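Hi everyone, thanks for coming. I've got one chain to walk you through today, so let me put it up on the screen.

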Amino acid sequence: MRTPLRILGCVALAAPLLATGCGGDARSDGELVISVWDDGREETSIDVAAREFEKANAGVTVTVKKTPFDQHLQALRRQLGTGQAPDVALTVLGYGESGTSRSLADKGLLTDLGGASWAGEIPKEFGSVVGDGSKVYGFPIDSMAIGVFAKKGTPEPETFSDVLTRCRDAAADGKAAFAMAGHEASKMPHIVGFALAGSAVYADDPAYDEKRLKDQVTFAGTAGWVKAVERYKEMVDADCFAEGAAGATREAAARALGEGEAEMVVAPTVTLPLWQAAAPDETFTMFPFPGADDPARVRVPAGPSSGLVVPTKASAPELAKKFIDHYAADRVRYTKLDGAVPAIPAGPDAERVPGYAAALEPYIQDGKTSPIMDQHWPNPELITAFDGGLVKIMNGGSGPADVLESMDAAWTTKAP
């Protein structure tokens, strides 16, 4: 009798145990192991796809292993360097951290998926994020855009000056205008930084990333980056974030938003499940973050988000590729279960953002976007320097120049 789909949760265990994926269960023929992060939901699109893949393939058992989001990428990087690698893994696309797809691929830890039928349908602008130009290392599941989540009916600030005013007014009422979590690996500080840089840097220079990769510019020497980080400090000085936010977790930030202690949160579209879980009876909508006082300069950071990869040390690589093909064939339905849209559009007129983020659609259609910046930063230490620097600003221990100089010091055109 076929063993049913198993979903295993990895709790916050000691590092050696995490490194082997919760102990590294022995494999049997026909078993597929998928490693994903836990976003707090009982069932995601991966769970559904795994169950349906089992049903369509007699004799196959799929085990979905879940690790808390804050630990997943670090644990994945360690697993892929051992004999305990999963067959399929969910990760963040592009560069940014040591556990993201391009960083893993540069270390020879991922299998080329370029022969798959879906590979030829990937939008050209995503090419450098999912591969290196000649190979494809990840199937892009969903597309994301960074904006502001708020409960339906929340007034929207229209300019950056409006943002600061809202922050001061909320603080006077004993609340925070924006939920924030500065805990290590929460990723929330740099998301606000990206939203600010989109309008401050890329409105003037859409090709900035290409110039940075060629060492033609620096962060500290770019007026737009200076302005972006200075505006982040203005937000801190205007009490946009709650006291203690620098050490808070994403879950604490979600509770603050859900319970009304915070009015809004700057986040990617794909994080809706986190906020919704904290307020299941509320309806959330999204709108652009006004990172400038001139609405014409506002840009929405957008690009592919998460993706499925196959480690070179996978025990069942062909079965793994077959699972990804299965997901790709029904990607519209699967991503809808996650409140997202597929990164590979179903057609030329397909929506590029989910319905709750309809206010972002005109920006994407009109090309008023910027990249998800760290997807193009080869050194994983760079996002650590950016995120950590912004947290130091929240704690009063650093200034904008310090942050940008630390990023330039960490810069490299090739992943170390």
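Let's start with burial: 56% of the 416 residues in the protein chain are buried, where buried is under 20% relative accessible area, exposed is over 50%, and partly exposed is in between, using a 1.4 Å probe and protein chains only. Before I go on, this is a predicted model, so local features need pLDDT of at least 70 and side-chain atom pairs count only at pLDDT 80 or more, while totals for chains, interfaces and linings use all residues. Residues are numbered from 1 along each chain as its sequence is written, and side-chain values use heavy atoms, with hydrogens and water left out.

Okay, the overall picture. We have 16 helices and 13 strands in the protein chain; those are DSSP runs numbered from the N terminus, helices being H or I with at least four residues and strands E with at least two. The C-alpha trace spans about 65 × 50 × 45 Å along its principal axes.

Now contacts, meaning heavy atoms within 4.5 Å. Of the contacts in the protein chain with a separation of 6 or more, 78% are between residues 24 or more positions apart.

On to some residues. Ser186 sits in the loop between β7 (176–178) and α7 (188–200). Is Ser186 buried or exposed? Ser186 counts as buried, because its relative accessibility is 2%. Not counting residues up to four places away in sequence, Ser186 touches Asp70, Ala181 and Arg250. With Ala181 there's a specific pairing: a polar atom of the Ser186 side chain lies 2.5 Å from the backbone oxygen of Ala181.

That takes us to Arg250, in helix α10, which runs over 250–258. Arg250 counts as buried too, because its relative accessibility is 11%. Leaving aside neighbours within four places in sequence, Arg250 is in contact with Phe69, Asp70, Ala181, Ser186, Met188, Thr271, Leu274 and Trp275. Arg250 and Ala179 are 71 residues apart in sequence, and their C-alpha atoms are 9.0 Å apart in space.

Next stop is Trp411, in the segment after α16 (400–410). With a relative accessible area of 12%, Trp411 is buried. Which residues does Trp411 contact, leaving aside its neighbours within four places in sequence? They are Arg212, Leu213, Asp215, Phe219, His376, Trp377, Pro378 and Leu382.

Asp215 is in the loop between α8 (208–213) and α9 (223–237), and its phi is near 60°, a positive value in a residue other than glycine.

Last one: Asp239, in the loop between α9 and α10. Its phi is near 60°, and Asp239 counts as partly exposed because its relative accessibility is 44%. That's my tour, thanks!

Definitions and conventions
Polar contact = N/O pair within 3.5 Å; in protein donor to acceptor, adjacent residues only side chain to side chain.
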